[in-house]
Structure formats: structure tokens, C-alpha cells
Amino acid sequence: MSRTKVVPIPVLGRHAVNAYLLLGRRPVIVDAGTPGSGRRIHDRITAHGVDPADVSLIVLTHGHIDHFGSAAELHRLTGAPVAGHIADLGPYRTGRVREPYLPTGPMGRLMDRNSKLHVQAEPVEPGILIGGETSLEDFGIAGRIMPTPGHTAGSVSVLTDDGDLVAGDLVANSFMGLIPGRPANPPFHDDPRQNLTSLRAMLALGPTALHVGHGTALEPDRVRRWAEREHDRLSRLESAGRLTGRTR
Ligand SMILES: [Zn+2]
Ligand SMILES: [Zn+2]
């Protein structure tokens with residue numbers, strides 16, 4: 001079995017917003033950054049010795065602007081097909097995120113006022129629609145796409161056979177990467193309960209590291225302890241009738 005290397009591709013800051021390059025028999029890109037970052041991602045993967053024309057697939061973890069913003073541009077620059085989950089097809093096809101954003105805490109409430117979150121991205125039509133667990137073998141990667149709904153209905157993660165989990169916004173670093181290595185919620189979750197269920201399901205598969213959209217790689221044991229605290233926090237909110245989630 002061929003080993004897959006997971007390389008972070010910084011889109012904003014050192015690790016405030018990341019895309020990822022998977023290096024297996026063929027290269028695969030996971031996530032496409034904010035609008036206007038296609039060229040930057042293209043140049044960075046070239047700097048890693050990858051011929052962009054060899055990229056076999058661009059996987060979108062979910063329909064938020066900082067993850068699919070440059071998908072159409074990156075598709076043009078590489079010629080690679082785009083894969084996205086069917087439940088986030090609305091955002092992909094319109095270039096517009098499902099609003100309102102549902103904040104997970106003060107950070108999200110603050111960020112919701114940032115106009116950059118409310119711009120329109122260039123629409124993208126995924127050539128490969130994901131509806132369930134999907135092997136990446138045909139795209140040259142020993143691994144699979146796993147649906148991990150909750151952050152958005154169509155959120156997915158990529159799990160390599162080596163145990164690396166590229167998790168999108170399933171979990172993040174504190175303050176969007178300002179405190180590296182400390183697990184935290186990203187600023188928004190459509191359904192916090194469902195997201196935690198997805199996160200625990202992934203942790204149960206025994207990943208060796210979690211590579212996230214915002215921040216540095218996270219240790220599974222640290223995420224496990226955080227997930228227990230988050231479970232308790234959500235239970236308290238729920239019994240106080242203060243747990244919100246998208247109902248549609
Ligand atoms: Zn997101
Ligand atoms: Zn994000």
C-alpha cells in the first residue's frame with residue numbers, strides 16, 4: 001500500500017485558513033480557499049513538486065466560502081474534477097453560503113459581522129457528487145471520503161489508510177489557529193450536536209492526526225478530551241433550552 005503524505009497549503013496567514021495537498025500515487029487537493037486564492041494554491045502545490053495537470057481530484061469539505069471560494073478557478077487551473085457532497089450543492093451552484101451563519105460562541109458572533117463571509121464566490125458544479133463513503137483509490141490515494149455532517153449538512157472529511165484525517169471544520173484550533181494545537185469549535189456550526197456525533201465517529205476510527213481548515217494539526221487524544229467537555233457543554237445548553245441548530 002502506498003503511503004499518503006498530507007501537506008498543509010496555507011491560504012491565509014500561516015495557518016488561519018488551510019487547503020491540503022495529498023501526495024499518493026497521484027496528488028489530490030482538499031479544499032479551495034477563499035475567493036481569489038486559486039493561483040496561490042496552484043503556485044504552492046507547484047512549489048511542492050506537483051505538476052498541476054497531474055492533480056486527479058479537488059475535494060471540497062463543505063459549502064463555506066473559505067473552503068470552496070476558489071474551486072472553479074482551481075478547476076480551470078488544474079483541469080481536475082471537483083467532488084462535493086450533494087447536501088451542500090446549493091452553496092456550490094449559487095456561490096452563496098446558506099445563511100444565516102449559526103455562531104458557536106462569541107467568536108462566531110463577532111465574525112458574522114465580517115463582510116468577507118457574506119460575499120459571493122464563483123459558482124462551481126461538482127463533477128463528482130458524494131452521497132456516501134467514497135474510495136479515493138481511483139484517484140491515486142489510499143483513503144476515502146467520509147460524510148461528516150453537522151458543521152454543514154454536506155460536510156465531508158478525508159481519511160487516509162495511514163490514519164490522517166483531513167477534517168475541514170469538524171473541529172478547529174482556538175481563535176481560528178491563533179492558539180495552535182488547542183481544539184475548539186470553528187465559529188459556526190449548522191448543527192452542533194450532529195457535528196459532535198460525526199467527530200466522535202471519526203475519532204472512533206483511530207486517526208493518527210486531525211488536519212483542520214483553521215489551525216495546525218491536532219492530536220486525537222487532545223480532541224477526544226475536548227469532545228467530552230463539548231458533549232457536557234451542549235447537554236447543559238440543551239437542558240436550558242438554549243441549543244440552537246438549523247432545522248431545515
Ligand atoms: Zn465552515
Ligand atoms: Zn472554515
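**Exercise 1.** Determine in which strand Val30 is found, and whether Val30 counts as buried or exposed.

*Solution.* Val30 is found in strand 3 (residues 27-30), where helices (H or I, at least four residues) and strands (E, at least two) are DSSP runs numbered from the N terminus. The model is predicted, with local features needing pLDDT of at least 70 and side-chain atom pairs counting only at pLDDT 80 or more, while totals for chains, interfaces and linings use all residues. Residues are numbered from 1 along each chain as its sequence is written, and chains are lettered from A and ligands numbered from 1 in the order in which they are written. A residue is buried if 20 or more other C-beta atoms, placed from the backbone, lie within 10 Å of its own, exposed if 12 or fewer, and partly exposed in between. Val30 counts as buried because 28 C-beta neighbours lie inside 10 Å.

**Exercise 2.** Find which residues of helix 3 are buried, and which elements they pack against.

*Solution.* The buried residues of helix 3 (residues 71-78) are Ala71, Ala72, Glu73, Leu74, His75 and Thr78. Because six of its eight residues are buried, helix 3 is largely enclosed by the rest of the structure. These buried residues pack against strand 3, helix 1 (38-47), strand 4 (57-59), helix 2 (65-68) and strand 5 (82-85), contact meaning that C-beta atoms, placed from the backbone, lie within 7 Å. After helix 3 comes Gly79, with a positive phi near 80°.

Notes:
Contact = placed C-beta atoms within 7 Å.
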